[in-house]
Amino acid sequence: MTGRAPGATTVKRARCAVLAAMSVLGLLVVIAALRTAPGPAKLYLSLGWLLPVLLPLRGVLAGSRRTHAWATLCIAPYVIAGVMETIANPTLRALAASIVFASLVWFAALIRYLRVTRPQTGPPPPVPQAPA
């Protein structure tokens with residue numbers, strides 16, 4: 001007996017799904033703030049930054065485990081560009097750091113969801129025998 005309530009896994013899965021959905025929406029808000037950043041072609045830049053987040057958005061909001069798995073690959077460009085802008089561009093340093101933070105939070109939420117929803121594999125644990 002593990003001492004858990006029967007619905008504990010379902011509650012944990014729902015919490016992780018909500019965390020992943022909220023973190024991707026937070027990243028969308030941070031990317032939308034790029035429109036206020038100084039620089040040329042702000043509209044095209046923000047649309048280019050939104051595309052990799054919008055692709056897995058439907059599956060993440062629906063709770064698809066497969067989408068959560070491949071959405072982790074969409075985060076690398078945000079981390080790379082955010083770190084690069086944090087170091088190289090003093091005018092966008094705060095915004096770039098917030099993009100790095102938001103993308104890492106999204107990555108952690110995706111990984112947490114994948115761990116919670118991992119299918120149980122392998123043989124069942126051995127049942128202890130009662131002494132005779």
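1. A helix here is a DSSP run of H or I covering at least four residues, with numbering that starts at the N terminus. Threonine 10 sits in one of these, helix α1. Please keep in mind as you read on that the model is a predicted one.

2. A word on confidence before the details. The protein has a mean pLDDT of 80, and 86% of its residues reach 70 or more. Among the helices, α4 has the highest confidence, at 91, while α2 has the lowest, at a mean of 76. Where pLDDT is low, the predicted coordinates should not be read in detail.

3. Now the overall layout. The protein has 6 helices and 0 strands, and its pattern along the sequence reads α-α-α-α-α-α. Of the 132 residues, 33% are buried.

4. Which residues have the most contacts inside the largest nonpolar core? They are Leu27, Ile31, Val53, Tyr78, Trp106 and Leu110, in a core of 22 residues. At least two residues of this core come from each of α1 (8–32), α2 (42–54), α3 (57–62), α5 (76–88) and α6 (93–116).

5. Serine 23 counts as buried because its relative accessible area is 9%, and buried means under 20%. Apart from neighbours within four places in sequence, serine 23 has contacts with Val105, Trp106 and Ala109.

6. The other is serine 103, in helix α6. Is serine 103 buried or exposed? Its relative accessibility is 0%, so serine 103 counts as buried. Once residues up to four places away in sequence are set aside, serine 103 touches Leu27, Ile75, Tyr78 and Val79. Serine 103 and threonine 72 are 31 residues apart along the chain, and 9.7 Å separates their C-alpha atoms.

7. Threonine 10 counts as exposed because its relative accessibility is 56%, and the cut-off for exposed is over 50%. The C-alpha atoms of threonine 10 and threonine 117 lie 9.2 Å apart, although 107 residues separate the two along the chain.

8. Proline 77 is part of helix α5. With a relative accessibility of 46%, proline 77 counts as partly exposed. From C-alpha to C-alpha, proline 77 is 9.9 Å from valine 100, and the two are 23 residues apart in sequence.

9. Finally, the surface. The protein exposes about 8900 Å², and 69% of this comes from carbon and sulfur atoms. Which residues form a nonpolar patch on the surface? They are Leu51, Leu55, Trp70 and Leu73, which together have about 450 Å² of accessible area. One of them, tryptophan 70, is found in helix α4 (residues 65–71). Tryptophan 70 is partly exposed, because its relative accessible area of 36% falls between the limits of under 20% for buried and over 50% for exposed.

Definitions and conventions
Residues are numbered from 1 along each chain as its sequence is written. This is a predicted model: local features need pLDDT of at least 70, side-chain atom pairs count only at pLDDT 80 or more; totals for chains, interfaces and linings use all residues. Side-chain values use heavy atoms; hydrogens and water are left out. A nonpolar core is a set of buried Ala, Val, Leu, Ile, Met, Phe, Trp, Tyr and Cys residues joined through side-chain atoms within 4.5 Å. Buried means under 20% relative accessible area, exposed over 50%, partly exposed in between (1.4 Å probe, protein chains only). Contact means heavy atoms within 4.5 Å. Accessible areas come from the Shrake-Rupley method with a 1.4 Å probe; for residues, only the protein chains shown count as cover. Patches are made of residues with over 30% relative accessible area and no salt bridge: like charges are joined within 9 Å, nonpolar side chains (Val, Leu, Ile, Met, Phe, Trp, Tyr) within 5 Å. A salt bridge is a side-chain nitrogen of Lys or Arg within 4 Å of a carboxyl oxygen of Asp or Glu. pLDDT is the predictor's confidence in each residue, from 0 to 100.
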